[in-house]
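Please keep the structure open while you read.

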Amino acid sequence: MKKTALLIVSFFFALLIFSITITNPLGPTVVPVTGLMADTIEEEVEINVSLWKDANEAVALLVSNQADFAVLPITVGANLYAQGLEIILLGVHEWKAFYLVSSSNVDFENVKSLKGHEVYSPHGRGQTVDILMRYLLVRNGLVPDKDVKFNYLPPQEIVSLYKSGKIEYAALPEPFSTLAVTGTEGRIVLDFQDEWNKISGSKYGLPIAGLFVKKEILEREPDIVSKVENAFSESVDWANRNLDQSLKITNEYLTIPVPILKEAMNRLVFEYIPILECREEVENFLSTMHELYPEGLPTLPTEGFYHK
């Protein structure tokens, strides 16, 4: 009897140790974790997925030990690390998401076509697509805020204004660029990832978001971290191979219609690359963001930011 009780206690203790939580953004990045959410991946560790709506929520979950891993934009992770949050970047899985859309009232040939116009962009100054837009303007001899004006609004509002014909140009992440042009005569005229690849020589695209782990978890349970990383990578692959099933699961959490999500997936790229294989690209990306807009990324991460 005593032996049975001991086994039961050991079983629940093991569950306590090996039950892991990944907190993930509520948005298109739900797609690559649907394999984990639907338990289609053979997990050596019990993995739970929670969803966060803003980065402060993700930080609160990590600090309060309600999450062990987090999917974060790379720039957000770098800023949190600089502020003292002990997280380590394991790998990058989102490489393509940003596009410029134009209305049918304007003729866009290249970046110089934007001179004298206004570009709408989500949220505020310093977002990734905002910095990239400004970077391209400078490289094409235009002066941001002088030759090209900027206006910032929530992406849903930009889509609404675009559809009503009140916006000529908008720099948006997917699926909002697809939402904007669907049902209009507007079009997607610029792929920011292609432009970045031409400039940087990147072979993957933009390192937009990736998987982070708390430093204390990595130091205490490196084998568990390796298993979770493998399961996360397999989930990304599963979503790409089983897109219809993945989007059906995603639609349970997002209000965006499945056909829009499916069209947007033609312009979204999710591929898990361990940081050991893409560190140079991440460092180049962060250095460029820091150089172009130091207010948005005041400090570049040190050696400890990257998993070895």
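1. Start with helix H10, residues 222-241. H10 lies across S1, S2, S3, S4, S10 and S11. Its direction is at about 155° to S11. Bear in mind that this is a predicted model.

2. Now look at the sheet itself. Six strands form an open sheet, and their order is S2-S1-S3-S10-S4-S11. The pairing is mixed. S2 and strand S11 (269-274) stand at the edges, each with a single partner strand, so one side of each has no neighbour in the sheet. From one strand to the next, the twist averages 25°.

3. Strand S1 (residues 19-25) and S3 run parallel and are joined by two bridges. Ile22 stands opposite Phe69 in S3.

4. Helix H3 also belongs in this picture. H3 lies across S1, S2, S3, strand S4 (87-96) and S10. It runs at about 145° to S2.

5. Is Lys214 buried or exposed? Lys214, found in strand S10 (residues 209-214), is buried yet has no salt bridge. The nearest side chain of opposite charge is Glu216, 4.0 Å away. The Lys214 side chain does make a polar contact with the side chain of Asn65, at 2.5 Å.

6. Asn65 is exposed, because its relative accessible area is 52% and the cut-off for exposed is over 50%. Its phi is near 65°, a positive value in a residue other than glycine.

7. Check Asp39 as well. Its phi is near 55°, again positive in a residue other than glycine. Asp39 sits in the loop between helix H2 (34-37) and strand S2 (46-52). It counts as exposed, at 58% relative accessibility. Why flag such angles? Most residues other than glycine have a negative phi, and most peptide bonds are trans.

8. Which peptide bond is cis? A cis bond joins Glu174 and Pro175, with omega about 10°. Pro175 is in the loop between strand S8 (169-173) and helix H7 (176-181).

9. Turn to charge pairs. Side chains of opposite charge can pair when their charged atoms come close. The structure holds 12 salt bridges. One of them links Glu195 and Lys198, at 3.2 Å from N to O. Both lie in helix H8 (residues 192-200), three residues apart, or about one turn of the helix. Glu195 is buried, with a relative accessible area of 18%. Lys198 counts as exposed, at 64%.

10. Helix H9 (residues 215-220) holds another pair, Lys215 and Glu219, which are four residues apart and so separated by about one helical turn. They form a salt bridge, with the closest N and O atoms 4.0 Å apart. Lys215 is partly exposed, at 31% relative accessible area. Glu219 counts as exposed, at 58%.

11. Lys308 and Glu303 meet in a salt bridge of 3.9 Å, N to O. Lys308 counts as exposed, at 59% relative accessibility. Glu303 is partly exposed, at 43%. Salt bridges that share partners join Arg279, Glu283, Glu303 and Lys308 into one network.

Technical notes. Residues numbered from 1 in each chain as written. Predicted model: local features only at pLDDT ≥ 70, side-chain atom pairs only at ≥ 80, totals over all residues. Heavy atoms only, no water. Buried < 20%, exposed > 50% of the residue type's maximum accessible area, 1.4 Å probe, protein only. Lys, Arg positive; Asp, Glu negative; His and termini not counted. Polar contact = N/O pair within 3.5 Å; in protein donor to acceptor, adjacent residues only side chain to side chain. Pairing = 2+ DSSP bridges. Axes fitted to C-alpha atoms, helices over the stretch in contact; angles between N-to-C directions. Contact = heavy atoms within 4.5 Å.
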